[in-house]
Amino acid sequence: RMRAPITSINFLRYVLEGEYDGTIFHRVMPGFVVLGGGYTKDIEEKTLHENILNESGNGLQNNTGTIAMARYDDPHSATRQFYFNMDNNASLNPNSRSWGYTVFGMVVSGMDILEAISAVETGYSEDLDAEDVPVEPVLLIRASVQ
């Protein structure tokens with residue numbers, strides 16, 4: 001049974017439109033998350049569809065090997081950016097005082113690839129005004145449905 005239908009359909013929409021092809025993983029935090037899907041290798045922001053409803057209360061947890069949607073402080077601000085959990089990140093789960101981040105899938109193979117991405121050198125990026133940005137871009141060449 002699908003626990004995050006709105007989130008899953010949103011993600012698949014970007015995949016089927018080829019919108020993740022050629023994007024980068026722009027935040028890499030070992031032992032925490034690998035975040036991507038929003039920027040080209042030239043740090044140009046990709047087109048956004050409308051924000052989606054937060055489905056973080058679906059019972060799925062931000063545990064190692066799950067994929068979830070990134071968002072801003074507004075709980076219903078997720079659009080296209082996603083992250084892979086590289087540890088059990090209970091702080092990203094919903095609780096009685098705050099919304100969490102919606103988990104909508106899990107890695108079934110390829111955790112070794114994510115571990116390798118986690119090991120890349122990172123630093124501060126003026127273009128993103130952010131820390132934890134890979135020094136050499138980590139490119140998502142193509143996302144597809146199998």
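Trainee: How many bridges join strand β2 to β4?

Mentor: Good place to start! This is a predicted model, where local features need pLDDT of at least 70, side-chain atom pairs count only at pLDDT 80 or more, and totals for chains, interfaces and linings use all residues. Residues are numbered from 1 along each chain as its sequence is written, and side-chain values use heavy atoms, with hydrogens and water left out. Strands are DSSP runs of E, at least two residues, and helices are runs of H or I, at least four, numbered from the N terminus; two strands pair if DSSP finds at least two bridges between them. Strand β2 (residues 33-40) runs antiparallel to β4, and the bridges joining them number four.

Trainee: Which residue in β4 stands opposite V33?

Mentor: V33 belongs to β2, which spans residues 33-40. Its opposite in β4 is N85.

Trainee: Which strands stand at the edges of the open sheet?

Mentor: The six strands follow the order β5-β3-β4-β2-β1-β8, with antiparallel pairing. Each edge strand has a single partner, so one side of it is left without a neighbour in the sheet. The edge strands are β5 and β8 (139-140).

Trainee: Why do the buried residues of α1 line one face of the helix?

Mentor: Buried means under 20% relative accessible area, and exposed means over 50%, with partly exposed in between (1.4 Å probe, protein chains only). In α1 (residues 5-16), the buried residues are T7, S8, N10, F11, Y14 and V15. They line one face because, seen down the axis of α1, where directions run from the axis to the C-beta atoms, they fall within an arc of 165°.

Trainee: Which residues are exposed on the other side of α1?

Mentor: Look across from the buried residues, which include F11 and Y14. The exposed ones there are I9 and L16.
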